[in-house]
Structures are given as structure tokens and as C-alpha cells.
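I opened the file today and kept notes on what I looked up. The entries follow in the order I made them.

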Amino acid sequence: MMTFSGPDRSALPLAVLGAGTMGRGIALVALRAGFPTTLVDVDASVLRDAAEAIQRRLGRDPGAAPAAALELSTDLAGGVAGVAAVIEAVPEVTDIKAEVYRRLADAAPPDALLASNTSTMSISGLAGFAAEPARVVGMHFFNPVHRMDLVEVVIGERTSARTRADALDLAGALGKNPIVVRDTPGFVTSRLGLLLGNEAMRLVEEQVASATDVDKAMRLGYRHPMGPLELADLVGLDARLNNVRSMYRQSGLDQYRPPGILERLVAAGRLGRKSGSGFYRYAPDGTVLGPAEDLP
């Protein structure tokens, strides 16, 4: 069993695969926790943007302990060589994830933890692409990673007891509070959260209420820190569409069918905060400028 929670983490390097919103957030908390971290992505420009965002965030915490070293790599094999754990945060597309797990068989050390940040895809299914399914576990983080305490540790059909223990230990070492979830479509949080998001989008689509008022209802009426449409814009509407498509495909339940307004926004390139427009309009620094008035 790995001991991620020990005081000296300098000899326990981590690799995070995917430098999007979630990948860079996971890398940030790993660095803060003292783990040398390699961030891997096929796109060098995305890696540079991620590194700059991470350094900006670290710079806002002048009183914090010095962060561990960050490395960047466009080469998966080189990026995972010698690591104690791999946390995969690549897009929620089966073919992409399958290729990652096939390649990890030869690239990652034989005792490294292999964790997926997937929010909807089956851990047992992903493990089927790996040479050693017992090493594969879900570690579902939440956005923004540096603020959200929860990690869902998802146990697949062939996840070993050692892998389960290692994942819980790593989650704690990263400053997170884990829950253990059996592998089932949507786990706990996505099963509930995607349902709420879909219904919020349908309320706007049916002109029951504006996006602003739907979000206000959930913030004030249910004490949610962020409305479901604000959250969808933050996550990225393309990522949300991938998630609900996956959930609908796995569950077959009509309530998870992607709303038409979501399909149309993504088709128009309106992906939320990262593109400057979704259910709301955004300044280049991410500041909300107001509701979008021309929803498709």
C-alpha cells in the first residue's frame, strides 16, 4: 500500500492527464499538498495556459507553504514514468479514455495508482481497457477543485482493496473529504446534479423562467452556492453535453436526455465561461457581464 499521507511527499510524484479545467485544478491541489506533479496534455498551448493559471492561483496565497515542482509534458509515456499515481482527467469520450488506459499498461509503473476523474463513465468499463483492472479506481473531484472538499472514490467491479485504500489515502493527502461509492451510472453527485441541470435548462427552454431567476431560485430557496446554469457555464457546456449523453446512454432514462437548448448552444460554439458566452455573458477574465439575451 502507498502512503500518500506521510509528511515527506517529495518522493511520490503524481501525473495528471488532461490540462483542462479539472486537470489543472487537480494539479494545483497536488502541488499545494507537496506532491511533485507532471501535467500531461496533447496540446502544448493548453499546457502553457494551464501552467500560467496554476501559477497565478498559487501567487494569490503568499502565506502558503512553497508548492512542489510542476512539470509539463505532451508525451504520456514520459509524463507518467516513475509516478506513484496517475489521475486521468481527459475528455468524457470513450475512445479517448480507452486509448489512455491501454497506453498506461506499458507507460506507468506497475504499482502506480490509476484513478479517473470521470463524473459519469463506468469505472468498471474503463478498467476493462487496462492491463490490470484491479489498479483502476474513480476519484471524482469537483469544480473549482481548490475550493471543493468532496472527492467521490468510485469502486469498480475489479478494484482491489489495496487500490481502494490508496485512493482514500491520496484523497485525504490532497486535503479532500472522500466518500466511497459503488460504480453505477452517475455515481451519487452526477446522478443528482445532471438531473437538476437538465431540468433547469428545460425550464429556460420552455420559458417558465429566465436563466437568472432559475439560478436565483436555487441559491436563495435551497442555499446552493451557485445556480445550476451558472455551474454548467463554469464546467463548460461541451463537457456537460458529453456528461449527459453518457448518462443517458448508460441509464436509458429520459430525464437524462440532453436538452435541446444545450445541444444548440454547443453547436453554436457557446460553451460557457471559457468561450465568453453560454447562459450568461463573460468578460475575458471570467467576470459575469449579465444574462445572455439571445438563447437559441
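**Entry 1: H1 and H2**

I started with helix H1 (residues 21–32) and helix H2 (residues 44–59), which pack with their axes 10 Å apart and at an angle of about 45°. I note that this is a predicted model. Angles from 65 to 115 degrees count as roughly perpendicular and those under 35 as roughly parallel, and H1 and H2 are therefore oblique to each other. I recorded the crossing of H1 and H2 as right-handed.

Next I listed the residues that make the contact. From H1 they are Arg24, Ala27, Leu28, Leu31 and Arg32, and from H2 they are Val46, Asp49, Ala50, Ala53, Ile54, Arg57 and Leu58. Sorted by class, the contact of H1 with H2 has eight nonpolar and four charged residues, and no polar ones.

**Entry 2: Threonine 37**

Leaving aside neighbours within four places in sequence, I found threonine 37 in contact with Leu14, Val16, Ala27, Ala30, Leu31, Ala69, Leu70 and Glu71. Ala27 and Leu31 were already in my notes, as part of the contact of H1 with H2.

**Entry 3: Threonine 120**

I then went to threonine 120, in the loop between S5 and helix H5 (123–127). Threonine 120 counts as buried, at 1% relative accessibility. Which residues does threonine 120 contact, leaving aside its neighbours within four places in sequence? I wrote down Glu92, Gly186, Phe187, Ser190, Leu194, Asn243, Ser246 and Gln250. For glycine 186 I also looked up the C-alpha separation from threonine 120: the value is 4.5 Å, although the two are 66 residues apart along the chain.

**Entry 4: A cis peptide bond**

Most peptide bonds are trans, and most residues other than glycine have a negative phi. I looked for exceptions to both. The peptide bond that joins asparagine 143 and proline 144 is cis, with omega about 0°. Proline 144 is in the loop between S6 and S7.

**Entry 5: Helix H6**

How far apart are the end C-alpha atoms of helix H6? The helix covers residues 161–173, which is 13 residues. At 1.5 Å a residue H6 should span 18 Å, and its end C-alpha atoms are 18 Å apart, so the two values agree.

I listed the buried residues of H6 as Thr163, Asp166, Ala167, Asp169, Leu170, Ala171 and Ala173. They pack against several strands: S1 (14–17), S4 (85–88), S5 (113–116), S6 (136–140), S7 (150–155) and S8 (177–182).

Helix H7 (residues 189–205) and helix H8 (residues 211–222) have axes 9 Å apart and pack at an angle of about 140°. Angles over 145 degrees count as roughly antiparallel, so this angle makes H7 oblique to H8. The crossing of H7 with H8 is right-handed. Leu196, Ala200, Leu203 and Val204 of H7 meet Ala211, Val214 and Met218 of H8.

In the loop between H7 and H8 I found glutamine 207. Its phi is positive, near 60°, and the residue is not a glycine. Glutamine 207 counts as exposed, at 72% relative accessibility.

Arginine 223 is in the loop between H8 and helix H9 (228–235). Arginine 223 also has a positive phi, about 60°, without being a glycine. At 75% relative accessibility, arginine 223 counts as exposed.

**Entry 6: H9 and H10**

How are H9 and H10 set to each other, parallel or perpendicular? H9 packs with helix H10 (residues 237–251) at an angle of about 105°, and their axes are 6 Å apart. H9 and H10 are therefore roughly perpendicular to each other. Leu231, Ala232, Asp233 and Val235 of H9 meet Leu237, Ala239 and Arg240 of H10. I classed the residues in the contact of H9 with H10 as five nonpolar, no polar and two charged.

Notes. Residues are numbered from 1 along each chain as its sequence is written. This is a predicted model: local features need pLDDT of at least 70, side-chain atom pairs count only at pLDDT 80 or more; totals for chains, interfaces and linings use all residues. Side-chain values use heavy atoms; hydrogens and water are left out. Helices (H or I, at least four residues) and strands (E, at least two) are DSSP runs, numbered from the N terminus. The expected span of a helix is 1.5 Å times one less than its number of residues. Buried means under 20% relative accessible area, exposed over 50%, partly exposed in between (1.4 Å probe, protein chains only). Contact means heavy atoms within 4.5 Å. Axes are lines fitted to C-alpha atoms, for helices over the stretch in contact, and angles run from 0 to 180 degrees between N-to-C directions. A crossing is left-handed if the near helix is turned anticlockwise from the far one by less than a right angle, and right-handed if clockwise. Ala, Val, Leu, Ile, Met, Phe, Trp, Tyr, Cys and Pro count as nonpolar, Asp, Glu, Lys and Arg as charged, and the others, Gly among them, as polar.
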